Every structure is written in structure tokens, then in C-alpha cells.
Number of protein chains: 2
Amino acid sequence: MQIAQPYLLFLGDVTDPLAAKTARGIHQWRPEICLGQLRLTSETVSLDLTDMTLQQAQQQGAKTLVIGTANPGGVIPESWQATLLEAAEMGFEIASGMHQRLSEFAPLNDLQQRGLTKLHDVRHYDEPLKVGNGKARSGKRLLTVGTDCSVGKMFSALAIEKALQQSGCKAEFKATGQTGILVAGSGISIDAVVADFISGAVEAISPEFTDHDWDIIEGQGSLFNPSFAGVSLGLLHGAQADALVLCHEIGRPHIRNLPHAKLPSIEQTIEANLQAARLTNPDTQLVGICLNTSAVSEQEAAQLCQDWSKQYHVPVTDPVRFGVAEIAQKIIAI
Amino acid sequence: MQIAQPYLLFLGDVTDPLAAKTARGIHQWRPEICLGQLRLTSETVSLDLTDMTLQQAQQQGAKTLVIGTANPGGVIPESWQATLLEAAEMGFEIASGMHQRLSEFAPLNDLQQRGLTKLHDVRHYDEPLKVGNGKARSGKRLLTVGTDCSVGKMFSALAIEKALQQSGCKAEFKATGQTGILVAGSGISIDAVVADFISGAVEAISPEFTDHDWDIIEGQGSLFNPSFAGVSLGLLHGAQADALVLCHEIGRPHIRNLPHAKLPSIEQTIEANLQAARLTNPDTQLVGICLNTSAVSEQEAAQLCQDWSKQYHVPVTDPVRFGVAEIAQKIIAI
């Protein structure tokens, strides 16, 4: 799955800024591939991008219309259909992270069958995969792991990619979730593959390489999340990571959506992830901790990072507040 | 997925006894639901069952024609098609553990669409599932775990079910793989569900219960198999097991099909499985070890079981050679 770039970001008619999280993520991490935004109404949320029609965007070279919003139920609202059809007829590819597949909308599917468009349903994965084998492969890999879902694993991976590149280290972000795939233009939604192929899918998105320095693999879930831990373990084994970065949100009271499920301790999380990762890479090591400290003041956050850094003997930071330069330096030294 | 019983076992025209393993397993564990066998040629392998035509079997009450053989490539050979079609037209359900779906054979699919037959492709699973939640649920559960794939987890689970039942304990086998599903008449091929739903699928096949004593859940894979460990971890979390039985094959040189992947030690396997299982059941305990000792003499095997039993402080047995009575007694005492 390779999504043609550059993008025109479609914001539809959503008015809740939170619903435009995906578009914002793409724009934040890949501003150079975002030509503009398309909004259906003047009340629609806006990113810091030029408003464009499909025609204007195409003239400027846009290749894919990317649906950058979530909407209730994950289905394509009727108010979007005319625009999506027009884009497809004009030859745009269309990419979506919604639950409902674009190809389930028959007129769009017809246009794809006729070769006019390509539809990218990044939340799904239908291509054949091989089962993982855990064989050592060339190239260095970093994986972000976490105490839970939604603790900043994608953000941290992208921040580390950027910091490494700024230090002259050739790093490539490898996406395993829908927003990450839209940012990177390729990848596999690892939680959407058939269970037998979890580690195999990761081996496919980060095969052996010698043309760059590091693959920075986006983690998913947590070994301690009773809903999704299988995905996280397969990811660890498939990633064959030389380096792990642990992500955690300060103040999270329990596992997301499961009030009865306790968060693991940091020590437990480090130990369990290192142990599991060693199955396919005996030399794996923890190289940093990324915290979401938005629940505390900046001063408290800085103190906390300093304390934890002493306690866990690795750089500890909030990537949003303090960046990841120190973690990047540690990675380069490996 | 509930497969109507009793069965007529279809052996096709396979001449390799190993290829009839599934049929043999069904007959061994559920002789009462196997009315007879259907062989296409006189050279076809035979179980210890009456040969029957479709007509004879139907007269005696057979409800489902079960394809009990493996064949190269996992596809339906041409030589089987006429018989399968005739069975479907007569109103038999048809159940298969092959890779190729019965429903991909258009004439069979037509008969299903017309309501004449039901096709059970037990290696696949298409029904909607919920994600797991790890909430404590009533009823006691045992899960068989292993050092690797194909070390006797299904066999041990079925042997334990039988031994418990013989002791007056109401135990129910819960299937997670294709042969197990054909034996039980229901279940979910856990490695065929979408990765996000591994633990949820196990919660679905063993929901809370108060009408019997134990669910005996068939394990899959191993936490130390780099291809499939994600499935095993999701299974552990979903099973919420009160009791674990560890399965292992004496003399296996390395992880199956992966010469570069070491087998874990027994200590490692026990510790990793107990630790992972505790996430959803803090009181989980190891209640026995089941060995496949076919590589050594019966005398050596007996000695080995005795030695290991002292070493690991649980009953250790080869279920084929020595039965599982002692493990069953330990389970009943919980």
C-alpha cells in the first residue's frame, strides 16, 4: 500500500477540532506533502493550510485526497459523497482511516474498478502476508512501546525520526496504525491483520535494509492491555528491535476504557518488554522514556523527567514539551 | 458456529494415514457422534468405522458430512466435488478445516444460498466479535499452554476433559483450532480472527457460566514462538485461566519449522505463562505438565515424569502413555 503524494486534506464538515486529529497529525509531521485543505462549509475546523478546490489542488500537483477526520460511527456521511466522487472521477486517489471502507460505497468502487482512482482503506489490510520467522535481519530498528494504548507511541516515534534526521542520521518512520500510515504514505494497520500474521506483518513493513541507518517502528497497545496485548507481543517479536522507547501518560488512572484494569508499573513494563523483545533480538535495550505530562505543570514535568532519568538510567522527556534530542543522541551512539 | 451432529466422516481418496489425522481425532474423542465413514476408493485410509453411502448415513440420522482429511494445498480436489454436491443437495451440512473455503466452490455456495445446506469453514471466522475486556467472569477455566506449536495442547485438553468427566466433574472442552472445533462441534479458530479480537474471541467461546464446573480451553502456539506468540498471549488473557497445564515434546530440537529459534526452558515457559495469565486472573496456577515422550522408551518416560514431578511440584505425565488422572485430581481439588 503506497499512497501517492502530495495530499489535499479533506476536512468535510466536522466542527469538533478533536475530530480533525488525523489531519493535524499529517500536517504536523509532513507539512511538505500537505498542499492544502478542502472544507465543505465555513464552520468546518481549519488547519493552518490554504483552502483549495479539487481543481486548484490538482493544478498544483495534489495526488491524493486524504480524509483527515473521524466521524460518528466511522461511516461516510452523505454530505461528503459528491466531493469524494468528483475527486475520484478527476483521478485523485482517496485515502481513509475510517472503519467503513471506501470501497463499500458502490459508486466509488465502480470508479476504482474502471481504473480512474485508487482507494486506500488504511484501517484494513487484505494483501497476502507471510507468517513471521524471527530470523535476524540487517538494519537497526527502534520500537516505541507503552504502558497502555494512546500514550504517545506514534508521536514519540515521529519525533525521534525527526530528531535523528536533524542529526544527520538516516531514519525512516514505519507505520503500524491508520494515522501513521497516512503520515508515512505506507504501512500496515497491524491490529487489522489476521492474528497468525502479526509478527509477519511487522517483518514485511521493516524488512532487512542497508540503505539507511534506522527504522523507527510505531508501537501499538501494551503487553498489559487485556484487549490488545497479543498485537503488542507480535509487534515486539516482528520488530526485532535493537532499541525500545517506553511511552507513558502521567496521571492515567487505569487501562484505557477498562476501569477494572490496573496500569502496570514502569519497572514491570520495562522488564516485560525487554524480556519479550529478546526472543528475536537478544541485544535489545531501553534507550529512553517518553512521557505525556500534560496533566502536570511544566515545572513539575521537568522535575519528574529529571528524577525518572536518575531512577531508570535513560533519558526521560516529554517529547511535546522538551523534545527528544537526548534520546536521539543515545540512539546514534548504538 | 454450531455444527449439527452426528457426523459422517468423509475420507475422500487419501491413502496417507497421516492425512486422516483430523478424522481420527474426531473419532477418538467423540466416537458417539461418528456414525460412519465415507471413502471414495477401496485404497482410501480407513478408521475403525462402518463404510456408509450418503443415503445410508442420512437414514441413520447423520446431519453433517465432515471432511476429515488434509490434502495438498488445502484445496477441494475435483474427485471430491460430486460427493460434496450430492451431500449438500440431500441437506447435509458440510464442515471442513481446509484452507480453501467450501463457499469458494460456487455450486456448493449456491446450494447454501438456496438454504439447502450449511457450510462450516472452521479454519476461518467471519462473525462480528467484541474486543476483550479482561473482566472477571464466573466459572473455572483451564488453559493448555506450551513450549511450542504441536506439542499436544489439544490432545491434553481433551484428555483432561474426559478424565474430569469420568470423575463426575462437569467439564467442557472449548475449541480454538480447526480439529478441536470439528471435535466439539463449535469454537473459533483463534489464529484466524483479526488481531484486535484475539482475547475477545476467547471471551466469546468461554463466557461466564454457572451450569458446569470447568471450561477446558485448547491452547495455541507458544509465547516463545516468534511466528505466533501474539495469538498465545491474547489466548492467555482471554482465557482468564484458573489453571494452566504446560505441554512439551521431549527431544524437540528447536521451534517448529525455525531451526534458528531455540526452545525455551521449562522454567522460562512456566514463569512467562503464569506472569502473563495473572493480568486477567491473579490466582492462576500451574496444575500439571503433559509430555509427548514418544522419542524415548516407556521406562525412560516414566522415570522422566517422576523426576520432573519432583522438580516442578506438579503432576507430570504423558497423556497418551499414562493418562491424566493425577492432573484431574489436582484440578478437582481447586
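**Entry 1. The two copies**

What share of the interface residues of chain A are also interface residues in chain B? I looked this up and found 100%, so the copies meet through the same surface. I note that this is a predicted model, in which local features need pLDDT of at least 70, side-chain atom pairs count only at pLDDT 80 or more, and totals for chains, interfaces and linings use all residues. Residues are numbered from 1 along each chain as its sequence is written, chains are lettered from A and ligands numbered from 1 in the order in which they are written, and side-chain values use heavy atoms, with hydrogens and water left out.

Next I checked how the copies are related. In general, two copies of a chain are related by a rotation about an axis and a shift along it. Here a rotation of 180 degrees superposes chain A on chain B, with 0.0 Å of shift along the axis and an RMSD of 0.0 Å. The two copies are thus related as by a two-fold rotation axis. The superposition is by least squares on the C-alpha atoms of residues with pLDDT of at least 70 in both copies.

**Entry 2. Chain A against chain B**

I counted who takes part. Chain A gives 31 residues to the contact, and chain B gives 31 residues. Contact here means heavy atoms within 4.5 Å.

Then I looked up the area. Chain A and chain B bury about 2,300 Å² between them, with 61% of it from carbon and sulfur atoms. Buried area is the accessible area (1.4 Å probe) that two parts lose on being put together, summed over both. On the side of chain A, Ala195(A), Asp196(A) and Pro226(A) supply 22% of the area buried against chain B, more than any other three residues.

How many salt bridges cross the interface of chain A and chain B? I found 0 salt bridges there. A salt bridge needs a side-chain nitrogen of Lys or Arg within 4 Å of a carboxyl oxygen of Asp or Glu. Polar contacts are another matter: I list 13 residue pairs between chain A and chain B, both residues at pLDDT 80 or more. A polar contact is a pair of N or O atoms within 3.5 Å; within protein, one must be able to donate a hydrogen and the other to accept it, and residues adjacent in sequence count only if both atoms are side-chain atoms.

Helix 7 (198-205) and helix 8 (229-239) of chain A each supply at least two residues of the side that touches chain B. Helix 8 of chain A gives the most, with 6 residues. Helices (H or I, at least four residues) and strands (E, at least two) are DSSP runs, numbered from the N terminus. By class, this side of chain A has 16 nonpolar, 12 polar and 3 charged residues. Ala, Val, Leu, Ile, Met, Phe, Trp, Tyr, Cys and Pro count as nonpolar, Asp, Glu, Lys and Arg as charged, and the others, Gly among them, as polar.

In chain A, 12 residues of domain 1 are in contact with 12 residues of domain 2. The two domains of chain A bury about 970 Å² between them, 66% of it on carbon and sulfur atoms. Thr22(A), Trp29(A) and Arg30(A) lose the most area in domain 1, together 57% of what that side buries.

Which side chains meet in a salt bridge with N to O at 3.1 Å? They are those of Arg30(A) and Glu161(A). The count between the two domains of chain A is 1 salt bridge. I also find 3 residue pairs in polar contact across this interface, both at pLDDT 80 or more. Helix 1 (21-29) and strand 3 (64-67) of chain A each supply at least two residues of the domain 1 side. The largest share, 5 residues, comes from helix 1 of chain A.

**Entry 3. Local details**

One pair is Arg252(A) with Asp148(A), whose closest N and O atoms are 2.9 Å apart. This pair links distant parts of the chain, 104 residues apart.

The peptide bond from Gln5(A) to Pro6(A) is cis, with omega near 0 degrees.
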